[in-house]
Amino acid sequence: VLLEKGYKPEAYRHLILTGLYRKPMNFNFEGLDSSQSFVEKLNKKYQEFKASVTDADSVDREKVDSVMTEFWGFLENDLATPRALATLSGVLKSKEFNNHEKSIILQEMDEVLGLLWSF
């Protein structure tokens, strides 16, 4: 039914990830619309990051690993997916990371989150 209404599976997945697994989910279309918007923007940003990467872009693996450690820490601490998503959003807005680093971080986080479309 959601597919017929134009919603992507990744939007529903995001909606679920915004809540804590121990608490009942209060499904509503307003929340799903917000998740759909987030996922669309996330995928657009990912494409922009990948398209802008040049050979001159270096990757500071220490910075990447540091944010990934924070991300994994939230998931390992009672599966705190809302906080893991907040880490992702923080990286997207951060000026601390270049686009190459952001694309790597996003790819690594998405191995767990599954919010990127297959390109």
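Predicted model: local features only at pLDDT ≥ 70, side-chain atom pairs only at ≥ 80, totals over all residues.
1. The crossing of α2 past α5 is left-handed. On the α2 side the contact involves Leu42, Tyr46, Phe49, Lys50 and Ser52, and on the α5 side Asn99, Lys102, Ser103, Leu106 and Gln107. Sorted by class, this contact has 4 nonpolar, 4 polar and 2 charged residues.

2. The salt bridges number 4. One of them joins the side chains of Asp78 and Arg22, at 2.4 Å from N to O. This pair links distant parts of the chain, 56 residues apart: Asp78 lies in the loop between α3 (61–76) and α4 (81–93), and Arg22 in the loop between α1 (9–17) and α2. Asp78 is partly exposed at 32% relative accessible area, and Arg22 is partly exposed at 48%.

3. Lys63 and Glu101 form another salt bridge, their closest N and O atoms 3.4 Å apart. Here helix α3, holding Lys63, is linked to helix α5, holding Glu101, across 38 residues. Lys63 is partly exposed at 22%, whereas Glu101 is buried at 2%.

4. Within helix α3, Arg61 and Asp65 are 4 residues apart, so about one helical turn separates them. Their salt bridge has its closest N and O atoms at 2.9 Å. Arg61 is partly exposed at 37%, as is Asp65 at 34%.

Note on methods. Residues numbered from 1 in each chain as written. Heavy atoms only, no water. Left-handed = near helix turned anticlockwise from the far one by under 90°. Helix = DSSP H or I, 4+ residues; strand = E, 2+ residues; numbered from the N terminus. Contact = heavy atoms within 4.5 Å. Nonpolar A, V, L, I, M, F, W, Y, C, P; charged D, E, K, R; others polar. Buried < 20%, exposed > 50% of the residue type's maximum accessible area, 1.4 Å probe, protein only.
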